[in-house]
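Keep the viewer open and try each task before reading its solution.

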Amino acid sequence: MKMNNFNFTITHKDINSSARTGVIKTPHGHIRTPAFVPVGTAATVKAITPEEFKACNLDVFFVNTYHMLFRPGTDVVKHMGGLHTFMNWTGAVMTDSAGFQAFSLGEFGPRNSSSVKTEQIVRIREDGISFKSVWDGSTIHLGPIESMKAQQDLGSDIVMAFDECTFYPISEKRAREAMMRTHRWLEMCVKEMKKTPQQSLYGIVQGSVFENLRRESAEFIAHQDIRGIAIGSVANSKEPREKVFSVLDWTLPILLPIEKPIHFLGIGEIEDIILSVEKGIDSLDCITPTRMGRMGWIFDKSAGLKNKFRYDISSKDFVQDKKPLVPGCTCYTCANYSRSYIHHLFRCRELLAYRLATIHNLMFFGNLMEEIRDSIHNNSFITLKNNWLR
Ligand SMILES: [Zn+2]
């Protein structure tokens, strides 16, 4: 059995904020923090190869265990040697617990099946959640043990604990029940993951929008035998935006001193990334750059905060524009193609459009994180923040 070779080293703490730089060492390479973690839902960062991903100045991506359970099945991935071999990716991989998507079925129903009542789809019990497969209607049981076994099959470097995701609005009573269950489930996940010490488990802080619950959850999670911490069910479940950052204010004073990496789940707007890093977050994940790219949204700092730093390349403004997507960008797309050509590809829905936009957007995020890390190192993070968010 391989020995654990995970560790997190904090390399610098900003003197003017809680921002910090560090390196997470995993069995498949290093993750420079603060890190942005793109999402490779179905064991592919859509439209690009692992080599193209690496060239975007990024170290790690997420794969969604929920999707792997159904297609191709985690047993198939295990048989093929795990995600790294299956995908031909030599860097670090994170996987989630599959819980978020499963609990979302209860909240929102499966896509394209709005007529099905939620109570028929999802049942939450002490040993996990039962739900109907959106693929074939069969009933599936997923609990902490099943989630850990699935992530062991996938062989990811960073594994998320199985938690009960809650959705806003919610009563405090119901939020407490979910938090307590999440804590009991974490103890089962810790025990199960002892079998694969080369994989590193992150526990997840829950508690919805309730300050007392979030603090209680952070205290609990901080004292568990885990290698990292994630803060869950905030940005993805329709909480008011100001609550998203209140949750960090309540929990990070408890979590930062233990010096384990802290991941903020589901954060991907530029402004939110900068505000999260300022409070001490080490990594964040979101579909933003890839999904937006496939919709024709091109990230560009000069588009400004009010436009969320992006513009729509399919606009007719670009029909005859000879400039690259972003003048001065060093990505493969900007080095070789014009706005006019990429506009044309989007208008024709040519497959190359998605690839070129994805490469540019991911490099934009990769380079933003590098700029953030450099500024923390130079104690100039607040200057960077004011420069971007003015
Ligand atoms: Zn570019």
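**Exercise 1. The metal site**

What geometry does the site of the zinc ion have, judged from the angles among its four donor atoms?

Before the solution, a word on the ground rules. This is a predicted model, in which local features need pLDDT of at least 70 and side-chain atom pairs count only at pLDDT 80 or more, while totals for chains, interfaces and linings use all residues. Residues are numbered from 1 along each chain as its sequence is written, and side-chain values use heavy atoms, with hydrogens and water left out.

Step 1: find the donors, meaning N, O and S atoms within 2.8 Å of the metal (3.2 Å for Na, K and Ca); water is not among the atoms, so sites may look incomplete. The protein donors of the zinc ion are Cys329 (SG), Cys331 (SG), Cys334 (SG) and His360 (ND1), at 2.1 to 2.3 Å.

Step 2: check the angles. Four donors count as tetrahedral if all angles lie between 85 and 135 degrees. Here the angles run from 101 to 117°, and the site is tetrahedral. For reference, the ideal angle for four tetrahedral donors is 109.5 degrees.

Step 3: read the spacing along the sequence, which is C-x1-C-x2-C-x25-H. Cys334 in helix H13 (residues 332-336) and His360 in helix H15 (residues 351-377) are 26 residues apart, a pair that links distant parts of the chain. Helices (H or I, at least four residues) and strands (E, at least two) are DSSP runs, numbered from the N terminus.

Step 4: ask about burial. Buried means under 20% relative accessible area, exposed over 50%, and partly exposed in between (1.4 Å probe, protein chains only). Cys334 has 8% and is therefore buried; His360, at 1%, counts as buried too.

**Exercise 2. The length of a helix**

Step 1: look at which residues of H8 are buried; among them are Ala175, Ala178, Met179, Thr182, Trp185, Leu186, Cys189 and Met193. An α-helix has 3.6 residues a turn, so residues three or four places apart point the same way.

**Exercise 3. A buried loop residue**

Which residues does Ile281 touch, not counting residues up to four places away in sequence?

Step 1: Ile281 is in the loop between helix H11 (270-279) and strand S14 (283-286), and at 0% relative accessibility it counts as buried.

Step 2: taking contact as heavy atoms within 4.5 Å, Ile281 touches Pro34, Ile231, Leu248, Leu252, Ile262, Phe264 and Ser276. Pro34 is the cis proline of Exercise 3.

**Exercise 4. The whole chain**

How many helices and strands does the chain have?

Step 1: the chain has 16 helices and 16 strands.

Step 2: its radius of gyration (over C-alpha atoms) is 21 Å, close to the 21 Å from the globule rule for 390 residues, so the chain is as compact as a globular protein of that length. That rule is 2.2 Å times the number of residues to the power 0.38.

Step 3: of the 390 residues, 57% count as buried.

Technical notes. Tetrahedral: all angles 85-135°; square planar, octahedral: opposite > 155°, others 65-115°.
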